[in-house]
Amino acid sequence: MNGPTYAFRIRPMGGRDIPAVVSVDRMVFKDPWPESAYVQEVYFNPRSRYFVLERVDPSQSQPAADHQGRHSARLLGFVGMRVEGTRGHISTLALRSEWRGQGLGEVLLLTAIDWALGDGADLVGLEVRISNHVAQQLYEKYNFAPHSRLHRYYADGEDAFYMVVRVNDHPRYADRVRDRLAELVREIGIEQADGG
């Protein structure tokens, strides 16, 4: 008997994903990271964890990542998280524009938060452009609030909000994150692979 059919897969990022991640980064951001930054995060930063979201082709028996020629087109987004002590920091979150509005960005966000909470974080922070109201609304949904304004934070001179959520200020926050993540994974049809 066949198992469930998934439309998407979320899994930990590996070195082989870096070229596709850099490609998506360049599509999404005005000031993308250089490839060397991802190499540093994946190979040399033990406090970071990155996840990639990819489209699954049900006609292929192997994971999309094994098809190197089409890997970049299948990788839809990614998220990065660092945890130092009890402080988590979402370093990046990107989703290709044509896949927005389906809950996939929320899945990436919740995957990162869930991992940080599991690693002992009781505060999670991130930077967001002051003009990015859509992202701010998503973060506010999970109790992130502006903590400070970072002047000329981005290369083009735009300011950022540094937004934080103090987990202990919100009863059952971890349960809420995990329950919503499980709900989205079920509804959208996402396989969580190898710790994703």
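**Exercise 1. At what angle do H4 and helix H6 cross, and how is that crossing described?**

Step 1. The axes of H4 and helix H6 (residues 173–188) come within 9 Å and cross at roughly 140°. Axes here are lines fitted to C-alpha atoms, for helices over the stretch in contact, and angles run from 0 to 180 degrees between N-to-C directions. Helices (H or I, at least four residues) and strands (E, at least two) are DSSP runs, numbered from the N terminus.

Step 2. That makes H4 and H6 oblique to each other. The cut-offs: under 35 degrees is roughly parallel, over 145 roughly antiparallel, 65 to 115 roughly perpendicular, and the rest oblique.

Step 3. The handedness of the H4 and H6 crossing is left-handed. A crossing gets that name if the near helix is turned anticlockwise from the far one by less than a right angle, and is right-handed if clockwise.

Step 4. Now find the residues that meet: H4 brings, among others, Leu104, Val107, Leu110 and Leu117, while H6 brings residues including Tyr173, Val177, Leu181 and Ile188. Contact means heavy atoms within 4.5 Å.

Before going on, a note on the model: it is predicted, so local features need pLDDT of at least 70 and side-chain atom pairs count only at pLDDT 80 or more, while totals for chains, interfaces and linings use all residues. Residues are numbered from 1 along each chain as its sequence is written, and side-chain values use heavy atoms, with hydrogens and water left out.

**Exercise 2. Which residues make the contact between H1 and H2, and how do their axes cross?**

Step 1. Start with the geometry: helix H1 (residues 18–28) and helix H2 (residues 35–44) have axes that come within 10 Å and cross at roughly 130°. H1 and H2 are therefore oblique as well.

Step 2. The H1 and H2 crossing is right-handed. On the H1 side, the contact is made by Ile18, Val21, Val22 and Asp25; on the H2 side, by Glu35, Tyr38, Val39, Val42 and Tyr43.

Step 3. Look at what else H2 does: H2 lies across strand E2 (48–55), strand E3 (75–84) and E4, running at about 115° to E2.

**Exercise 3. In what order do the strands of the open sheet stand, and which are the edge strands?**

Step 1. Trace the eight strands: the order is E6-E7-E5-E4-E3-E2-E1-E8, with mixed pairing. Two strands pair if DSSP finds at least two bridges between them.

Step 2. The edges are strand E6 (145–150) and strand E8 (190–192), each pairing on one side only. On average, neighbouring strands of this sheet are turned by 25° against each other, direction ignored.

Step 3. Check one end: E6 and E7 pair in the antiparallel sense over five bridges, and Leu150 stands opposite Ala160 in E7.

**Exercise 4. Why is strand E5 largely enclosed, and what are its partners?**

Step 1. Six of the seven residues of strand E5 (residues 123–129) are buried, so E5 is largely enclosed by the rest of the structure. Buried means under 20% relative accessible area, exposed over 50%, partly exposed in between (1.4 Å probe, protein chains only).

Step 2. Strand E4 (residues 87–95) runs parallel to E5, joined by four bridges, and Arg87 stands opposite Leu123.

Step 3. Strand E7 (residues 160–166) runs antiparallel to E5, with seven bridges. Leu123 stands opposite Arg166 there.

Step 4. Finally, helix H5 (residues 133–141) lies across E5 and E7, running at about 165° to E5.
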